[in-house]
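Hi,

Here is the structure I said I would pass on.

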Amino acid sequence: MKKLTALLFVCFFTATAFAEGPFKFAISESVKYDDNIYLTENDKKSSFISSTHLFADYLSQIPNSSLKVGLGANVGYNAYSENASKNNYFNAGAKAFIENQYFRFSEKFIYTSEQVNNELTDRSDRINNDVALSIRTSREKTFSVGLVASDVYDRYMRNDKSGLNRNRFNIGAQIFYNISPRTSIFVEDVVSTIHYETNTYNDSNQNSVALGVEGNITEKITGVAKISYDYRDYKKDNTDKAHLLGYMVSLTYKPLQTNSFSLMGRRAYEETTFVNNRYYVSTLVNLLATQKLTQKLDVSLLLSYENMNYPNRIVDDFRVDDFYAVKPSINYKFMECLIGGLWYKYKTKHSNVAADYTDNTVGLDVKFMF
């Protein structure tokens, strides 16, 4: 993995040397109040949180080619009024890509203490590195083929989370029926293998066969949607082999120039080491509505729901968790280089096994670009 990451960035910086374009920088400051920072129902702790982030981005066309190259990096510090020595943390990220309409090679790296998903409410220092490759032969011909591959590495710094340290490698083939250069129906078959560093009992293989559509689905709807059949088997004690009818949706509907509706959803396996469960099934739906009120003022509303279903009994019951969230926000563009936003988020958890909780957060964001 380290050798692949180093090679990838050598490729990106070599390509950047031949490209022409400026770096863009930004600084953001977010001040928020959270009434339940540990996401518990009993003994709630509230805190003011100040988050300061620096961003650098580069995007350019490589001369005499169809390739675009992009680089980005960010670093931030998050300061808490509640138990600062325990809660304060740094986070950082880096991303890079080379692409044209038939090819994309990318890497994204994250170092953070933010919770990775709704199952892990405790914050824990972790890193995530995602390298991805996609190739497609054509968009103009009636039929074309594609190749997808990725390698995703997750590592947690705390010893009590080390059982989740893992590497997932995916590779698959696609066949496209191109209705037009901008719209395609496709089938794909992706094979995955997951290897854990210490918890090899959870090592598994997975096969996912999917049917989907992508591009300009209608005149005003763009994105991708697919339905899949996923089969997973384990290398040790395969009694937990599983079958799942999954889906992935990422669609944007733009009826007018001043508003839009985005739907994001998925149903898929998620890794866990909870009691006698090796995985849980996550069903997630997000709906985002935005409305531009004036040239400088816009509002948005995010609605979110997630169901987490664990397959194996815990004593006498199966664990099922439901999460609901709503986040209205208002944003104002003071000038081309200065944007401000005010938002509120309500989140609640309902579970038949784990403790329920509610969380209210209100924040003010300012971003300056130069």
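Below is what turned up, going from the overall fold to the side chains.

Before the details: this is a predicted model, so local features need pLDDT of at least 70 and side-chain atom pairs count only at pLDDT 80 or more, while totals for chains, interfaces and linings use all residues. Residues are numbered from 1 along each chain as its sequence is written, and side-chain values use heavy atoms, with hydrogens and water left out.

Overall, the protein has two helices and 18 strands (DSSP runs numbered from the N terminus, H or I of at least four residues for helices, E of at least two for strands). Of the 370 residues, 37% count as buried (under 20% relative accessible area; exposed is over 50%, partly exposed in between, with a 1.4 Å probe and protein chains only).

Now the charges. There are 12 salt bridges (a side-chain nitrogen of Lys or Arg within 4 Å of a carboxyl oxygen of Asp or Glu). One of them joins E197 and R155, at 2.7 Å from N to O. E197 is in the loop between β9 and β10 and R155 is in strand β7, so this bridge ties together parts 42 residues apart in sequence. Both ends are partly exposed: E197 has 37% relative accessible area and R155 has 32%.

R232 and E271 also form a salt bridge, with the closest N and O atoms 2.9 Å apart. That pair links strand β11 to strand β13, 39 residues apart. Here R232 is buried at 0%, and E271 is buried at 8%.

R278 is buried at 2%, as is D240 at 14%. The charged end of R278 also sits over the ring of Y234, 4.2 Å from its centre (NZ of Lys or CZ of Arg within 6 Å of the ring centre and within 35 degrees of the ring normal). K327 does likewise over the ring of W343, at 4.5 Å. Separately, K68, E99 and R104 are linked in a salt-bridge network.

On to the rings: I have 14 aromatic pairs (Phe, Tyr and Trp rings, the six-membered one for Trp, with centres within 6.5 Å; planes under 30 degrees apart are stacked, over 60 edge-to-face, the rest tilted). Y253 and F261 have ring centres 6.2 Å apart and planes at 25°, so they are stacked. F23, F25, Y58, F368 and F370 are linked by ring pairs into a cluster.

Last, the surface. A nonpolar patch with about 940 Å² of accessible area includes F143, I175, V187 and L245 (Val, Leu, Ile, Met, Phe, Trp or Tyr side chains joined within 5 Å, each residue with over 30% relative accessible area and no salt bridge; areas by Shrake-Rupley with a 1.4 Å probe). Strand β8 gives the most, three residues. V187 is in β9 and is partly exposed at 39%.

Cheers

Key:
Patches are made of residues with over 30% relative accessible area and no salt bridge: like charges are joined within 9 Å, nonpolar side chains (Val, Leu, Ile, Met, Phe, Trp, Tyr) within 5 Å.
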